[in-house]
Amino acid sequence: KNLMGVVNWRHAVGELVLIVVGILVALAISDWNDRRIERVQELALLEEIRSALATDLESLQSNLEIFNAAADKIERLTKLLEGKPPYDPAMDQLFGAVYGVRLTNLNTATYETLKSVGLQSITDRELRLRIAKIYDHHYERLLGGHDIDISINIDLMRPYFLNHFRDLVFWKSATPIEYDSVVNDIWFQNMVAYRLAALRTNQLDSYALAI
């Protein structure tokens, strides 16, 4: 009887050990599978962000070229206004560069999805911080610059240009109705200088940082 009891006790312990081992193995497999699924989801999110950033980069670079060209023309116009030369139709493109709005439609939907899932789902801390800096800092500054540029064009540029220019084409051309009146107008000169300063700060600098 004692021998049978020892055998049964050892058998019970053996079964218990097998059960515990089985549970631990199952938990380990479940944990490994969860990590694998999380990694797949992480890589999918990163691929979507990479694709969105690549599209944004192309748009940002294209717009920055336009802003740089506009800034160059406005600088040329500023220097011409100082000398008050006779009117030349070629100057229309310089006047036109002063007035215009161009925005970049940034792809932020994937980043919003990432935030809803949790930024911690990006396991690489440095990469996580870099992604957050792009969207929460550089993009926010750029969008703020958009708002300022819209305000400048609507509140400041549009009333003046509609009253003193014809044949308006944003960024490209504007023909003075009375050239002498425009070039001798200190208000217009100040407006052009302000436009150039705002363009450098809100577009050239912000776009370069975002890129």
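Helix α4 covers residues 125-164, and its 40 residues should span 58 Å at 1.5 Å a residue; the C-alpha atoms at its ends are 55 Å apart, which agrees. The expected span here is 1.5 Å times one less than the number of residues in the helix. Helices are DSSP runs of H or I with at least four residues, strands are runs of E with at least two, and both are numbered from the N terminus. The model is a predicted one, in which local features need pLDDT of at least 70 and side-chain atom pairs count only at pLDDT 80 or more, while totals for chains, interfaces and linings use all residues. Residues are numbered from 1 along each chain as its sequence is written, and side-chain values use heavy atoms, with hydrogens and water left out.

Helix α4 also bends, by about 50 degrees at Met157, and the proline Pro159 follows within four residues. The bend at a residue is the angle between two fitted axes, one for the seven residues ending there and one for the seven starting there. At the start of α4, a side-chain oxygen of Asp124 comes to within 3.1 Å of the backbone nitrogen of Glu126. This is a polar contact, a pair of N or O atoms within 3.5 Å; within protein, one must be able to donate a hydrogen and the other to accept it, and residues adjacent in sequence count only if both atoms are side-chain atoms.

A kink of about 35 degrees is centred on Arg200. At the start of α6, a side-chain oxygen of Asp185 lies within 2.9 Å of the backbone nitrogen of Trp187.

What does the whole chain look like? The protein has six helices and two strands, arranged along the sequence in the pattern α-α-α-α-β-β-α-α. Of its 211 residues, 32% count as buried, where buried means under 20% relative accessible area, exposed means over 50%, and partly exposed is in between (1.4 Å probe, protein chains only). Among contacts in the protein with a separation of 6 or more, 80% come from residues 24 or more positions apart; a contact means heavy atoms within 4.5 Å.

In soluble globular proteins, nonpolar side chains tend to be buried together. A nonpolar core is a set of buried Ala, Val, Leu, Ile, Met, Phe, Trp, Tyr and Cys residues joined through side-chain atoms within 4.5 Å. The largest one has 47 residues, and those with the most contacts inside it are Phe95, Met157, Phe161, Phe165 and Phe188. At least two residues of this core come from each of α1, α2 (92-96), α3 (109-117), α4, α5 (179-183) and α6, with α1 giving the most, 12 residues. Neighbours within four places in sequence aside, Phe188 is in contact with Leu81, Phe95, Tyr160, Phe161, Phe165 and Val182.

Beyond neighbours within four places in sequence, Ile49 is in contact with Thr110, Leu114, Ile131 and Tyr135. Glu58 is also placed in helix α1, yet Glu58 is exposed, with a relative accessible area of 60%. Glu58 and Ile211 are 153 residues apart in sequence and 9.1 Å apart in space, C-alpha to C-alpha.

Side chains of opposite charge can pair when their charged atoms come close. The structure holds five salt bridges, each a side-chain nitrogen of Lys or Arg within 4 Å of a carboxyl oxygen of Asp or Glu. One of them joins Glu47 and Arg50 (3.1 Å, N to O). Both residues lie in helix α1 (residues 2-83), three residues apart, about one turn of the helix. Glu47 counts as partly exposed at 42% relative accessibility, and Arg50 counts as partly exposed at 48%. Another salt bridge pairs Arg195 with Asp149, with the closest N and O atoms 2.5 Å apart. This pair links distant parts of the chain, with Arg195 in helix α6 (residues 186-210) and Asp149 in helix α4, 46 residues apart. Both Arg195 and Asp149 are buried.
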